[in-house]
Amino acid sequence: MTAVCENESQLAFVIAHELAHQHQEHVNNAIWERAEMFTSKEVKQLAKNAAKGGYGSKSALLQKIADIRFDGSRHSRRFENEADSLALTYLTATKYDSWEALRVMDILDQVDEDYFEKRGGLDLEKAFHTTVYPFKSVWLKANQSSSLLGLVSETAIEKEVRDSLKMHPECPQRKANMERQLKLIGVKPKAVDEDQLKGFNQQKYLASAEMIAALYADSTYVVAVYQSLIMLDQYPNDLFPHLIIGLSLAELQTHYAKRIAGRVMPRPHPLYNPSFNALIHLFEELSKAELANLSYSYLRTYLDGAHENELYFWSMYLSSKIAGQTNEANEHLADYEWKYQKGKLKSKFTNNP
Amino acid sequence: MAVLLLTLQTKAQTTLIEDVLSLQARSVGYIIGAEGLAGYYSFYEFDKVSKTENSYILMLHDNSLNLIKKITINRPKNDVMIEIVFNGENFLIAFLNKSDLELVVYDKDGIKLGSRKQLKLGAADRMVLVSSDDSEEKNNIVFGLGKLGFLKNDSYSGKKEKYRIEAYDNSMKNIWAYTSRYPGKATEIVEVLAANENVVALSVSRVKNRLSKDITMSIILLDAKNGNPLIEKELKDGKAPKTLINAFVDTASGEVVFGGEYFAAGENVVNGKPLGIYFERYNFNGDSKGYHKLSWTKDFSKFQKSSKTGKAADGGYTFFHRMFKTSNGDYVLVGEQFKSAVSASGVALNVAALALGGRTDAGLAKFVIMDMVFVNLDSNFSLKAFERVEKTQRNYTLAKGWEFASSAAVAKYMKANGFFDYAFSSVDYERNRVFASYANCARRKDTEDKKKTDYIGALVYDNGELSTDKLPIKSKGTWYHVMPAKPGYLVITIYEKKAKTLEMQLEKINF
């Protein structure tokens with residue numbers, strides 16, 4: 001949330017909101033409620049019938065489970081309104097601006113939107129083009145998984161079902177509730193503290209970088225690349241996202257070569273943002289050799305003059321290895337071993353001779 | 001910075017379906033759409049509704065295995081899904097139950113739009129329906145005609161002598177029917193080679209009686225809107241007969257290409273030996289646009305030594321499974337080499353039986369499946385390349401009598417019964433790539449752990465360069481099935497009866 005908030009007051013509201021859930025024991029209550037529903041006499045009987053294989057018994061059980069899920073999410077919306085209200089009460093006792101809670105609702109309402117669509121689209125050719133290995137326009141083929149996508153028509157019922165499964169009710173409604181409360185309390189907005197904002201922006205940058213590093217460490221390479229492209233849009237001169245992009249390309253290539261790409265590679269999905277789907281399509285389109293060349297050329301183009309940390313050496317070594325540049329790979333390995341004799345990434349080099 | 005919705009799987013290329021009470025191999029498959037592969041389906045029994053009815057789930061997945069639709073259909077018990085086709089708007093499903101065939105059209109929301117029944121089919125008909133070769137991206141009975149509706153090949157019957165093709169609209173109302181125009185007595189078998197909202201391409205094999213080896217083949221092109229014939233001609237070059245292997249509809253150029261083998265004048269296509277392959281091109285008005293021939297001796301021998309009748313130096317013939325046109329105008333043919341050989345065990349059994357004063361049905365010949373073949377032709381059908389890819393040979397003993405049949409006849413029989421290793425192929429038009437897959441196994445000496453392992457071989461013909469890949473089958477489950485996928489991929493489905501799960505894996509071909 002640090003990465004999406006704009007100032008400390010907004011982050012403070014988020015923390016206050018979660019604390020309110022904790023203090024009111026919403027989570028525990030929700031678990032109890034859900035457990036009671038699932039262990040009710042009615043559900044037990046339905047399960048017994050299904051086990052015996054009675055006519056229509058499975059359908060009846062699944063319908064009941066679906067009803068419980070809808071009920072559960074409706075109950076949790078009630079908890080959200082309560083947590084919002086209590087969070088505002090907490091905030092008014094602090095130095096933070098309670099009115100920033102309304103801005104948080106705007107942010108949450110748009111958080112799933114396509115970042116690049118609002119900025120003219122994700123230009124993959126611009127993002128991945130290098131003079132050493134130029135981007136090929138054939139990599140940008142039309143959406144391949146769309147043959148049956150014409151079927152993804154949201155009927156009114158389906159839309160209602162999807163909305164009802166959301167844990168957080170509509171943000172505009174929550175915003176209106178909180179605005180009413182703030183007016184009733186008589187709290188006034190506070191002036192922006194520029195020093196605080198400066199400090200927060202530094203934290204925001206670190207949070208973005210940490211998130212990307214965590215995605216890479218979790219082998220969620222495609223999301224790591226996507227978030228890195230977003231980070232580059234906000235911090236164009238930063239080398240860290242370039243490092244993650246080049247390294248993630250190399251990791252994807254090695255997974256393909258070992259035939260374990262299924263563990264790390266997502267599939268295009270109609271519910272993903274168009275930009276994210278476009279990125280997945282690009283990686284699906286690339287052959288093993290193309291991925292290797294892209295990683296190799298990307299890192300050498302963008303990491304010239306980069307700080308030589310452990311991850312840098314690992315990226316250079318791996319990209320050289322998959323591109324067939326054995327001598328260069330050995331040089332990077334030797335440099336790493338000389339500089340980081342007790343390095344944390346030693347095992348990675350050992351496991352990828 | 002936007003935070004991505006990560007509630008969906010962002011690291012998985014597998015779809016797992018649970019609570020699958022029972023599932024037959026036929027109940028999982030791919031959906032043929034207007035432009036080829038449209039997605040996948042699985043149709044399985046989910047619940048019992050009554051003594052006579054079950055509840056089935058029809059799950060539809062797109063090319064990336066994402067679940068697009070889950071439709072509950074109540075059908076009579078023991079219904080078997082024979083085929084499914086998607087015409088771009090609606091689905092047609094062919095159900096067989098005991099002796100009744102029912103065709104049902106559903107819209108994209110699973111609402112039934114219409115149906116048509118064919119009652120009390122004979123045993124021969126039912127046999128043909130359930131044993132149709134499904135190794136290619138082509139249906140055998142039902143086809144899509146785009147927004148016009150659907151087409152049914154009503155000629156699978158073993159008893160009917162003449163063929164009949166019927167077209168229906170999306171509510172299963174009959175639009176037109178085309179029946180044989182042959183005036184005399186004959187048994188005719190028709191194959192729908194290609195169908196779309198413009199044309200329907202058929203091949204017809206005709207014999208005067210069931211025992212006759214004098215087969216004539218014809219090609220027919222119908223106007224899909226009204227069933228009017230645009231072309232109807234016998235495959236003959238003067239007195240030289242021809243066979244038909246495949247047809248290819250090129251919507252972009254508005255052409256239909258028929259391809260097959262040609263023989264010497266006076267030859268018989270059952271016993272005779274082909275001299276080469278030919279291609280005939282027609283536009284959608286039925287006008288001829290070209291006729292091209294490639295001889296085994298003059299043309300193919302530049303790339304591989306072969307006899308006048310196509311027999312390669314090592315004794316193999318080539319059967320062409322599919323033909324594609326790429327965006328640069330080239331044609332790529334995917335084939336497989338085979339040969340007939342003496343079956344030592346068959347001979348031994350026959351000798352032993354004779355010695356004991358008896359008989360045996362053991363065949364004397366075996367069918368040996370050899371290497372995969374890629375042939376690249378330019379836009380004028382001149383041969384550019386002929387590539388062979390080695391794989392483990394497989395032998396099948398032929399039933400008695402087949403030892404006297406021609407290579408072409410034997411190959412057709414083997415193809416119809418799914419004995420070739422070839423599984424399917426696909427084309428990436430924009431990148432001029434053709435992908436082909438086949439099922440094979442590695443012999444003990446090929447494997448590290450010395451065990452025989454099944455694998456799926458994948459071949460990639462990329463702008464004239466051929467590369468290969470082998471995907472080992474690690475888990476076979478109760479059964480497994482390999483299906484075509486978007487270019488560069490294939491799908492492996494594994495059913496585990498005990499766990500009642502169906503897993504669909506999208507595998508990328510390494511090249």
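Colleague: Into which domains is chain A divided?
Modeller: This is a predicted model. In it, chain A has domain 1, residues 1-111, and domain 2, residues 195-351. The bounds come from an automatic or database domain assignment.

Colleague: How far apart do the C-alpha centres of domain 1 and domain 2 of chain A lie?
Modeller: They lie 35 Å apart.

Colleague: How do you know that domain 1 of chain A is in contact with domain 2 of chain A?
Modeller: Contact requires C-beta atoms within 7 Å. Four residues of domain 1 of chain A are in contact with eight residues of domain 2 of chain A. On the domain 1 side, one residue is nonpolar, two are polar and one is charged.

Colleague: Now the cores. What makes a set of residues a nonpolar core?
Modeller: The residues must be buried, of a listed type such as Leu, Val or Ala, and joined through C-beta atoms within 7 Å. The largest such core here has 125 residues. Among those with the most contacts inside it are Leu151(B), Val200(B) and Leu490(B). Strand S26 of chain B, residues 365-377, gives the largest share, eight residues.

Colleague: Which other core is there?
Modeller: A second, separate core has 52 residues, including Phe116(A), Leu229(A), Leu252(A) and Tyr272(A).

Colleague: What does Leu151(B) touch?
Modeller: Leaving out residues up to four places away in sequence, Leu151(B) touches Phe143(B), Leu145(B), Ile165(B), Ala167(B), Val192(B), Ala195(B) and Val200(B). A touch needs C-beta atoms within 7 Å, so each of these residues meets that cut-off with Leu151(B).

Colleague: How much of chain B counts as buried?
Modeller: Of its 511 residues, 42% do. The test is 20 or more other C-beta atoms within 10 Å, so that share of chain B passes it.

Colleague: How many helices and strands does chain B have?
Modeller: Chain B has three helices and 35 strands.

Colleague: What is the strand order in the open sheet of four strands?
Modeller: The order is S20-S21-S22-S23 in chain B, with antiparallel pairing.

Colleague: Why do strands S20 and S23 of chain B stand at the edges?
Modeller: Each has a single partner strand, so one side of each is left without a neighbour in the sheet. From one strand to the next, the twist averages 15°.

Colleague: How do you know that S21 and S22 of chain B pair?
Modeller: Pairing needs at least two bridges, and eight join S21 (255-262) to S22 (276-283), so these antiparallel strands pair. Within S22(B), Arg281(B) is the bridge partner of Val257(B).

Key
Residues are numbered from 1 along each chain as its sequence is written. Chains are lettered from A and ligands numbered from 1 in the order in which they are written. This is a predicted model: local features need pLDDT of at least 70, side-chain atom pairs count only at pLDDT 80 or more; totals for chains, interfaces and linings use all residues. A residue is buried if 20 or more other C-beta atoms lie within 10 Å of its own, exposed if 12 or fewer, and partly exposed in between; C-beta atoms are placed from the backbone. Two residues are in contact if their C-beta atoms, placed from the backbone, lie within 7 Å. Axes are lines fitted to C-alpha atoms, for helices over the stretch in contact, and angles run from 0 to 180 degrees between N-to-C directions. Ala, Val, Leu, Ile, Met, Phe, Trp, Tyr, Cys and Pro count as nonpolar, Asp, Glu, Lys and Arg as charged, and the others, Gly among them, as polar.
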